[in-house]
Each structure stands twice: as structure tokens, then as C-alpha cells.
Amino acid sequence: MDQAEQQALSVSDFLNITDNCLKNLGNAVVIGEISYIKAYTHLYFTLKDENSSVECLMFASKASSLDFKPEIGMQVVITGQSSLYKKNGQFKLIAYSMKPAGHGMIMEKLRLLKEKLQKEGVFDLINRPLPRFPNRVGVITSEDGRVIHDIAMTLQRRCSGIELRIYNAKVQGEGAAKSLIAALKQANAEAGTAQGCDILIIGRGGGSFEDLLPFSDEALTRAVAHSKIPIISAVGHEPDIALTDFAADVRAATPTAAAELVSPHTKEELQALTDSLLLRMSDALGRIIDPLKMRAEHLIRRLQSACPQHELQRRRDLLQSLLLRAGSALNALEGGKKSRLFDLQRRLAANDPMQKVLKEHNRLYDLLHRMDLVVEKNSSDVKARFERLCSRLNNCGVEDRVLQMGTRLEKCSASLCALNPLAVLIRGYSITFNEKGHAALVNELSKGDKITTMTCDGVIESVVEQFKLKAPGELMGSSEQDEA
């Protein structure tokens with residue numbers, strides 16, 4: 001083996017030495033256009049210019065921190081280190097960071113500004129809810145743009161009752177940010193006055209990236225975050241993002257969308273909501289008033305029932321009812337007594353001795369008359385027979401028997417008068433009946449029973465409160481005493 005062969009390097013040694021030499025060159029900053037990109041676990045892409053291209057690799061740990069999505073045709077600035085892939089000796093640029101070129105620098109500045117404001121808590125100041133029913137909406141934009149027309153037409157279509165106030169300001173070019181800040185200060189100065197707005201819309205229509213930059217101004221962003229009036233940011237169209245979008249209370253994709261946000265309810269919805277609220281209010285009032293009416297009526301009834309005049313009338317009606325019942329009971333009792341008395345009188349009349357004597361006399365007169373007739377026919381026989389009858393009549397003692405019957409009749413009349421209940425009552429006695437109309441016995445009564453006492457001049461109704469039964473000996477003694 002010659003000396004040259006002895007000094008030759010293996011492929012691995014050569015690639016290791018070369019790789020170390022490339023790494024010793026340090027980091028390189030390369031700008032170029034992405035011509036190929038593929039994401040597996042790591043990000044593989046090709047960076048080229050007009051004459052050359054280089055294979056690049058960005059590890060997943062670095063690629064995950066990118067704040068934009070790399071795409072083919074995008075100009076980017078790469079910071080990385082040269083390296084060799086030892087398996088096949090392929091040269092690669094290991095990228096540590098990637099930033100968009102051109103606008104990308106401005107975007108990087110905006111990103112840094114956003115991070116700064118976020119750390120300061122500027123974006124966390126948003127605590128203003130949007131009013132549900134705004135009366136006046138302020139729009140901070142150029143009065144020459146189409147934004148005013150779009151917002152006005154949307155409000156007219158959805159809710160024509162909302163008033164629109166324009167705060168004119170430049171929306172692009174030099175001095176636009178200061179003009180927007182001045183308009184915003186004017187709107188906040190009018191807050192709480194008759195000209196003040198309930199909500200603000202700040203923004204403009206679509207435009208280039210540079211046209212939208214005033215809405216990412218730091219001073220304007222801070223002013224939006226500190227506004228006393230709720231703000232909707234409507235800058236450009238859907239893909240466009242400005243820092244005012246983060247500082248405002250709500251971000252709208254377009255000015256038209258912002259107009260829809262400030263008029264969340266259409267005229268028809270408001271009418272339906274009003275009708276619903278009126279119905280609910282009526283129901284609520286009914287639930288409140290109806291119990292009060294019922295309570296008032298209850299109190300009125302209680303007041304009327306507690307009124308002395310009402311109580312007097314009630315007692316008067318009760319007394320009248322009792323009088324009617326007492327009158328009915330007296331009439332019934334009197335009718336019963338009269339009927340009984342009439343029956344006794346009828347029976348007494350049927351057994352009257354005088355009537356019997358009169359009947360016998362009439363019979364006798366009839367016999368005498370018949371006898372006269374017979375005598376006329378046979379005077380001698382009749383006369384003899386008459387004499388015999390007269391003798392027999394004299395022997396019978398008819399006159400003595402008539403006198404005896406008269407005496408007996410007088411005694412019976414006296415006895416009947418003594419047994420007459422009414423005669424007993426006239427002497428100071430009384431008769432007590434129970435509720436069934438029978439003579440009341442003490443051993444058949446109970447406390448609370450109603451009794452009726454008949455005297456010579458009327459009837460007394462009473463209720464048993466207390467009674468006392470006499471012993472048999474006491475009753476017998478009373479009887480004997482009475483007989484004595």
C-alpha cells in the first residue's frame with residue numbers, strides 16, 4: 001500500500017469532517033422562495049432563487065412555534081445551519097426559524113406589538129356587553145366610503161328605528177390613525193349626553209394590507225380598549241385581521257355583519273317580543289292583582305259580617321224565626337187542646353143526665369099520648385088500665401127517682417168541673433209536656449231537652465238545665481200530704 005492509500009479517508013470520516021466544518025461556519029440567514037414543502041413529523045421544504053435551490057429541514061419542535069402557515073410561492077427568511085446527511089452525503093440547511101419576507105417584516109412587528117399589548121393586559125380590558133336594544137349607533141369611518149351605505153341599508157332593512165351617527169375619519173394613508181383616534185375621543189366625549197351613542201362601529205371596507213395598517217396602530221388599539229362605549233371592530237373582510245379586532249368588544253367579519261350585530265332583533269322580532277312581553281306582563285299583573293282582589297273581597301265580607309248593623313239584623317232575623325216557631329208551636333198546642341176539649345165536651349154531652357131524663361120524659365109523654373088515643377077508643381078499658389098504670393107509677397116512686405137523678409147529676413157535674421184540666425190551671429197549677437207533646441216525667445228527661453209548660457194564660461218554652469228525682473218515699477209522702 002502506497003502512502004496515498006494510507007492517508008485516504010473513509011466516506012464516513014470525510015462526511016464527519018465536512019459536517020463539522022459546515023457547522024463551524026455558524027448560522028446563516030437565507031432568503032428565498034418556497035418551491036416545495038411537505039410536512040411529516042418534521043417540515044421538509046426546498047428554498048430557491050433564480051439560479052439555485054437548497055434542501056431545508058425544520059424539526060417539529062421549531063415548526064410548531066411558527067405563527068403562520070408556510071406555502072409554496074411564499075418568500076421567507078430562514079435562519080439556520082449547514083449540515084450533511086451522513087447516510088447519503090446530501091447537503092441540507094437546518095432551519096431554526098422562518099419569517100415571511102416583505103410584508104412578513106411588518107407582520108412580525110405587528111406580532112410583537114400584539115404580544116406586548118397582550119402582556120400588558122390591554123386585550124383583557126373588554127368587559128362591555130353590547131346593548132340589546134340600542135337607540136343610536138355611531139360609525140367611525142370615512143363618510144366617502146361604502147361602509148356607511150352598507151350599514152344604513154342593513155339597519156333600514158332590519159330595524160329602521162335605530163338612529164345612525166357618523167364620526168368622519170381617514171381610514172388609510174398618513175394620519176389615518178390619528179384621525180380615527182380623534183373621532184373615537186369625540187364619540188366618548190358625547191357619551192351620556194343627548195347626542196351620545198349606545199354602541200360604536202369602527203372600521204372600513206376591504207383593501208390592501210397597507211390600507212388596513214392604521215387599524216393596527218398601537219395608540220388606536222389602546223384607545224379602542226379604553227373606550228367607555230362598547231365597540232365593534234369591522235375592518236376589511238373575513239381574512240383581514242387588525243389589532244383593533246382584539247381590543248374591541250366584538251369583531252365583525254364585515255361592516256354589514258357589524259350592522260346586523262347592533263340590530264340583533266328585526267322589526268318583526270321586536271314586535272313579536274313586545275307582544276310576548278305585554279302578554280307576560282298581563283299574566284304577571286293578573287297573578288298579582290287577582291289574589292289582592294280576592295283578599296279585598298274576603299276582607300269586605302268579613303267587615304260586613306262584623307258590622308253591628310249586620311249583627312243586629314242577624315239577631316232580629318233569628319228572633320223573628322224563633323217567634324214564628326213559637327207561634328206555630330202554640331197554635332199547634334192550642335189546636336190539640338181545643339180538639340181534646342171538644343171531644344170531652346162531646347162525650348160529656350152524650351152522658352148528660354138531664355138529657356136522659358128529658359128523653360124519658362119524652363118517652364113518657366109519647367106513651368101518655370098513645371094512651372089517650374087508646375082511651376078514646378076504649379075509654380072504659382083504658383081508664384081502668386090507666387088507673388092501674390097510675391097506681392103502678394105511684395108505687396114506683398118516679399118523682400123520688402127523678403129527684404135522686406137530679407142530685408146525682410149535680411154531683412157528676414161538680415166532679416167533671418173538678419177534673420177539667422183548665423179548671424186545675426185556673427187554680428194555679430201548670431202542665432209540662434216533652435218534645436213529643438206527652439206529659440213530661442222527670443226520669444225521662446235529659447239535660448238540654450226542650451219542654452213546654454202550659455199555664456192558664458199561655459205557654460212557656462224552656463230548656464232543661466238541671467233536674468232532681470224524688471225518692472219513692474218523698475213522692476208517697478207528698479201524695480199523702482196532698483190527700484191530707
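Mentor: Two strands count as paired if DSSP finds at least two bridges between them; strands (E, at least two residues) and helices (H or I, at least four) are DSSP runs numbered from the N terminus. The model is predicted, so local features need pLDDT of at least 70 and side-chain atom pairs count only at pLDDT 80 or more, whereas totals for chains, interfaces and linings use all residues. Residues are numbered from 1 along each chain as its sequence is written, and side-chain values use heavy atoms, with hydrogens and water left out.

Strand β4 (residues 75-85) and strand β5 (residues 90-100) form an antiparallel pair over 10 bridges, in which G80 stands opposite A95 of β5. The pair belongs to a closed barrel of 5 strands with mixed pairing, in the order β1-β2-β3-β5-β4. On average, neighbouring strands of this sheet are turned by 55 degrees against each other, direction ignored. Helix α2 (residues 11-24) packs on the sheet, where α2 touches β4 and β5 (contact: heavy atoms within 4.5 Å). The direction of α2 makes about 145 degrees with that of β4 (axes are lines fitted to C-alpha atoms, for helices over the stretch in contact; angles run from 0 to 180 degrees between N-to-C directions).

Beyond its neighbours within four places in sequence, I140 is in contact with residues including Y167, A169, L180, L184, L200 and I202.

Helix α9 (residues 255-262) has P255, A258, A259 and V262 as its buried residues. Seen down the axis of α9, these fall within an arc of 100 degrees and therefore line one face of the helix; the arc is that of the directions from the helix axis to the C-beta atoms. The partners against which they pack are β6 (136-141), α5 (147-158), β8 (199-204) and β9 (231-235).

Key: Buried < 20%, exposed > 50% of the residue type's maximum accessible area, 1.4 Å probe, protein only.
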